[in-house]
Amino acid sequence: MSLRYNCLFLVDSVAALGGTPICMDDVCIFCTEDFFCYTDRATKIGQLISSYLEKKSNLEDHTVHLLFSANRWEMVPLMKQKLEQGISLVVDRYAFSGVAFTSAKPGFSLEWCMNPDMGLPKPDLVIFLQLNPSMAANRGEYGIERYETSAFQRTVQQRFEELMQDSSVNWKVIDAARTIEEVHNDIKLLSEDIISLAENQPVGELWR
Ligand code: TMP
């Protein structure tokens, strides 16, 4: 396992934040080059997923789950390269969203959903932005894409809560119903702590 000098953490949520930029000092989460966003819609796999999310095409449920996972794996060499260069990565959604969303569909277990993402770089910190589905529905452009219904989001929320029982992952929950400044401040404090703790630690493997 390689050594690196900085840390990987991610911000996850039930529903979209409506594109709200969250700034951490001079690092604006939505415009830094060290920000990875899943789904990465720029790749060929990401375009297939994007067309599915925009309801322009249909994909079988197992197939789309595996595509979401492949979309993460295709970026792993770049993520590792950056970590080895001492760069901290902020990731908007990751395998936890992959599992929470697919397992909210009938007939999908958490275990089946976790399998394709086993071994991904493990985040040092996972920040879950807690927002109830009805408040999320009032945020920008909610309801346009697939999955953006309150009933489905409520099931996704339950799946996230099940995932948070896993104490091998460093989960922190932040109340996202407050002001941008308050949310920013909490994220900043948590990030500063984890960046210094994770320095020079090996990159872990998710769910292994
Ligand atoms: P976004 O709203 O953050 O752009 O995410 C796109 C949608 O795709 C969102 O509804 C969550 C869902 N999703 C999955 O179902 N599986 C995944 O692996 C990821 C990353 C997102």
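## An enclosed helix

In this predicted model, eight of the eight residues of H4 are buried, so the helix is largely enclosed by the rest of the structure. The buried residues are Ala95, Phe96, Ser97, Gly98, Val99, Ala100, Phe101 and Thr102. A residue counts as buried when 20 or more other C-beta atoms lie within 10 Å of its own.

## Packing of H2 against H4

Two packed helices are described by the angle between their axes and the distance between the axes. Helix H2, residues 61–73, packs against helix H4, residues 95–102, at an angle of about 175°, and their axes are 10 Å apart. H2 is therefore roughly antiparallel to H4, since angles over 145 degrees count as roughly antiparallel.

On the H2 side, the contact is made by Asp61, His65, Phe68, Ser69 and Arg72, and on the H4 side by Ala95, Gly98 and Thr102. Sorted by class, the contact of H2 with H4 has two nonpolar, four polar and two charged residues.

## The nonpolar core

Which residues have the most contacts inside the largest nonpolar core? They are Phe96, Val99, Ala100 and Ile127, in a core of 33 residues. At least two residues of this core come from each of the following elements: strand S5 (89–92), H4, helix H5 (110–114), strand S7 (125–130), helix H7 (150–163) and helix H8 (180–198).

Valine 99, one of the buried residues of H4, touches Leu110, Cys113, Met114, Arg159 and Leu163, leaving aside residues up to four places away in sequence.

## The shell around the ligand

There are 10 residues around the ligand, and Tyr38, Phe68, Gly98, Phe101 and Tyr147 come nearest. H4 gives the most to this shell, with three residues. By class, the shell has six nonpolar, three polar and one charged residues.

The peptide bond from tyrosine 38 to threonine 39 is cis, with omega near 10°, and threonine 39 is found in the loop between strand S4 (35–37) and H1. Tyrosine 147 is found in the loop between helix H6 (133–136) and H7. Its phi is positive, about 80°, although tyrosine 147 is not a glycine. With 14 C-beta neighbours inside 10 Å, tyrosine 147 counts as partly exposed.

## Other individual residues

Isoleucine 45 has its place in helix H1, residues 44–53. Is isoleucine 45 buried or exposed? Isoleucine 45 is buried, because 20 other C-beta atoms lie within 10 Å, and 20 or more is the condition for that class. Leaving aside residues up to four places away in sequence, isoleucine 45 touches Leu67, Ala70, Asn71 and Glu74. The C-alpha atoms of isoleucine 45 and asparagine 71 are separated by 6.1 Å, although the two residues are 26 residues apart along the chain.

Lysine 172 lies in strand S8, residues 171–175. With 16 other C-beta atoms within 10 Å, lysine 172 is partly exposed. Lysine 172 touches Leu125, Ile127 and Leu190, not counting residues up to four places away in sequence. Ile127 is also among the residues with the most contacts inside the largest nonpolar core. Between lysine 172 and tryptophan 73, 99 residues apart along the chain, the C-alpha atoms are separated by 24 Å.

Proline 106 lies in the loop between H4 and H5. Proline 106 is exposed, with 7 other C-beta atoms within 10 Å, whereas the residues of H4 are buried. The C-alpha atoms of proline 106 and leucine 125, 19 residues apart along the chain, are separated by 29 Å.

Tryptophan 207 is placed in the segment after strand S9 (204–205). Tryptophan 207 has a positive phi, near 55°, in a residue other than glycine. With 17 other C-beta atoms within 10 Å, tryptophan 207 is partly exposed.

## The chain as a whole

The protein chain has eight helices and nine strands. Of its 208 residues, 35% are buried. Among contacts with a separation of 6 or more, 80% are between residues 24 or more positions apart.

Technical notes
Residues are numbered from 1 along each chain as its sequence is written. This is a predicted model: local features need pLDDT of at least 70, side-chain atom pairs count only at pLDDT 80 or more; totals for chains, interfaces and linings use all residues. Axes are lines fitted to C-alpha atoms, for helices over the stretch in contact, and angles run from 0 to 180 degrees between N-to-C directions. Helices (H or I, at least four residues) and strands (E, at least two) are DSSP runs, numbered from the N terminus. Angles under 35 degrees count as roughly parallel, over 145 as roughly antiparallel, 65 to 115 as roughly perpendicular and the rest as oblique. Two residues are in contact if their C-beta atoms, placed from the backbone, lie within 7 Å. Ala, Val, Leu, Ile, Met, Phe, Trp, Tyr, Cys and Pro count as nonpolar, Asp, Glu, Lys and Arg as charged, and the others, Gly among them, as polar. A nonpolar core is a set of buried Ala, Val, Leu, Ile, Met, Phe, Trp, Tyr and Cys residues joined through C-beta atoms within 7 Å. A residue is buried if 20 or more other C-beta atoms lie within 10 Å of its own, exposed if 12 or fewer, and partly exposed in between; C-beta atoms are placed from the backbone. A residue is near a molecule or strand if its C-beta atom, placed from the backbone, lies within 6 Å of it.
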